[in-house]
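Hi,

Here is the structure I promised to pass on. Have a look at it first, then read my notes below with the viewer open.

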Amino acid sequence: MSGSWTSTLLWLIPLCGAVITLILPLRPKGLGTFALLVTIASAVLAFAAAVDFSPSGGTQFEQSHSWIPDFGLTYHVGMDGLSLVLVVLTATCVPCALGYGLWARRPNMRGYAALMLLLQAAVVLLLVSRDLLIFYIGFELMIVPLALLIAIWGGPNRYRATVRFVIYTLVGSLLMLVAIITIGLQAGSFDLDKVGTSDSRWLFLAFMAAFAIKAPLYPFHGWVPEAYREAPPEIAGLLSGVVSKAGAYGMLRFALPLFPGPAHDLRRWFVALAIIGLLWSSLMAFRQPDSRGVIAYSSIAQMSLIGLGIFVMNDIGATGATFQMVNHGLLSVLLFLIAGIVEVRTGEGLFRRLGGLARGRPALATIVMTTGIAALAVPGSALFASEFLVLLGAFRDWWLIGALASLAIVLAAMYMLRWISAILHDAPAEASPGPSRMRDVRWEAVYLVPLIAAVLALSVYPYAVTHRVSLSLHGIVSSVTAKALP
């Protein structure tokens with residue numbers, strides 16, 4: 001065995017916390033508090049790793065030892081800049097989502113808290129993995145807590161949403177498993193440092209199917225609208241803000257470096273799908289009758305923009321895509337938690353029965369306006385910086401693609417302004433007692449503060465992310481472009 005225990009502890013702490021939560025003889029509030037403390041401990045460790053991380057040092061916090069030598073299986077974990085920023089994103093979002101669940105008083109807190117911790121462990125495991133099979137274990141393990149969290153604590157159509165989510169993700173995952181086994185048998189190892197590259201388009205597409213479904217990218221998004229509406233708000237936020245990043249991360253970590261030739265040859269098709277998804281989802285978001293619908297389709301649009309940044313295949317676009325992952329993750333969780341607070345307080349979710357909530361509710365109005373303006377990508381915001389980098393990367397090679405993507409940014413401003421206005425200012429079209437009874441947000445806003453602080457901090461200092469990921473992304477992009485050279 002060799003290396004640091006940091007990467008291992010980042011997924012082991014929440015996993016052990018999940019097991020302990022199941023056996024602790026505490027009341028629901030005590031169990032929830034214990035789980036929250038576990039997630040906070042994981043966040044402290046993740047931020048400590050970010051402080052210790054050297055942007056010029058490549059993969060760090062590595063640990064590797066033989067697992068099943070006869071089958072070429074190793075336990076190999078570590079973090080480069082790309083892994084690190086997404087681990088920190090996960091460690092930031094999960095405590096906020098779990099805190100919202102405590103405020104909402106989810107029934108069966110023992111099972112709920114344990115599943116939330118298991119979800120965090122699975123996400124971090126796949127992010128720190130340097131072995132294809134370890135990555136696959138984390139990738140698949142996410143399905144279990146997510147399916148149960150939706151099916152048990154979701155809305156009236158939760159079972160249908162759960163079945164659709166499981167079918168979509170399992171089909172993609174099984175295709176990727178076949179590709180992983182094929183690569184591992186050919187290389188005699190599943191270690192990412194030993195498997196080499198492949199020119200097989202079929203294997204590349206098998207990986208991409210799994211990642212495109214998880215992301216989700218158009219047209220593999222069929223499970224998204226219903227799942228985001230039926231899941232509890234905090235789970236919808238984690239699906240959109242954290243779990244979807246596993247798909248985009250997989251493209252950068254595995255699909256492009258392992259298959260540089262097919263990735264370069266087929267990139268125009270993925271750029272085209274990204275633009276179609278970006279424009280279509282932006283238009284759909286503008287037409288949604290409820291807050292969750294707007295956020296769901298805007299999430300698909302933002303993930304399409306991330307896909308565009310990845311497949312323009314230059315350093316600028318890839319850096320913008322990664323920064324966009326972080327910004328979108330923070331804002332998605334924020335938006336879903338705000339929508340959840342409004343739903344709980346008013347009992348309403350449709351725009352025609354909401355409106356005018358700014359009057360007499362200064363804390364809610366401040367939070368909604370701050371989040372909405374950040375999501376508008378106004379100049380000076382973190383989202384503006386990441387979207388600008390993606391557009392710059394697109395214009396560098398394809399001016400028409402850049403122009404179409406810019407049009408989608410305008411559409412994004414339109415649906416976010418509509419979201420702000422529908423909640424805070426518009427008069428309800430249908431009379432409902434819920435909005436008039438709603439009091440201003442109080443201590444539940446505590447769970448939103450870390451997310452808002454992170455968004456504001458990255459608006460002031462985006463270099464905190466871009467500097468840490470630049471070396472990793474340059475290596476990924478150059479591996480693809482070098483393979484394409486004659």
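Let's start with a term: a polar contact is a pair of N or O atoms within 3.5 Å; within protein, one must be able to donate a hydrogen and the other to accept it, and residues adjacent in sequence count only if both atoms are side-chain atoms. The side chains of Q63 and T8 make one of these, at 2.4 Å. You'll find Q63 in strand β2, residues 60–68. (Helices, H or I with at least four residues, and strands, E with at least two, are DSSP runs numbered from the N terminus.) Q63 has a relative accessible area of 2%, so it is buried. Here buried means under 20% relative accessible area, exposed means over 50%, and partly exposed is in between, with a 1.4 Å probe and protein chains only.

Before you go further, some ground rules: this is a predicted model, where local features need pLDDT of at least 70 and side-chain atom pairs count only at pLDDT 80 or more, while totals for chains, interfaces and linings use all residues. Residues are numbered from 1 along each chain as its sequence is written, and side-chain values use heavy atoms, with hydrogens and water left out.

There's a second polar contact to look at, 3.1 Å between the side chains of S386 and N327. S386 sits in helix α16, residues 382–397, and counts as buried because its relative accessibility is 0%. Contact, in these notes, means heavy atoms within 4.5 Å. Not counting residues up to four places away in sequence, S386 touches G320, F323, Q324 and N327.

Now for the nonpolar side of things. A nonpolar core is a set of buried Ala, Val, Leu, Ile, Met, Phe, Trp, Tyr and Cys residues joined through side-chain atoms within 4.5 Å. The largest one has 186 residues, and those with the most contacts inside it are M142, F207, L308, F311 and W419.

Is I180 buried or exposed? It is buried, because its relative accessible area is 0%. Apart from residues up to four places away in sequence, I180 touches L132, L133, Y136, F190 and F207. The C-alpha atoms of I180 and L133 are 7.4 Å apart, although 47 residues separate the two along the chain.

Next, charges. Side chains of opposite charge can pair when their charged atoms come close. A salt bridge is a side-chain nitrogen of Lys or Arg within 4 Å of a carboxyl oxygen of Asp or Glu, and the structure holds 10 of them.

One of them joins R130 and D193, at 3.4 Å from N to O. This pair links distant parts of the chain, 63 residues apart: R130 is in the loop between α4 (109–128) and α5 (132–141), and D193 is in the loop between α7 and α8 (201–214). R130 is buried at 9% relative accessibility, whereas D193 is exposed at 51%.

Which residues join R160 in a salt-bridge network? They are R164 and E226, linked with R160 through salt bridges that share partners. The bridge between R160 and E226 is 2.6 Å, N to O, and the one between E226 and R164 is 3.8 Å. Relative accessible area is 52% for R160, which is exposed, 37% for R164, which is partly exposed, and 12% for E226, which is buried.

The expected span of a helix is 1.5 Å times one less than its number of residues. For α19 (residues 449–460), the 12 residues should span 16 Å; the end C-alpha atoms are 17 Å apart, which agrees. In α19, L451, I452, A454, V455, L458 and S459 are buried. They cover an arc of only 160° around the axis (taken from the directions from the helix axis to the C-beta atoms), which puts them on the same side of α19.

Cheers
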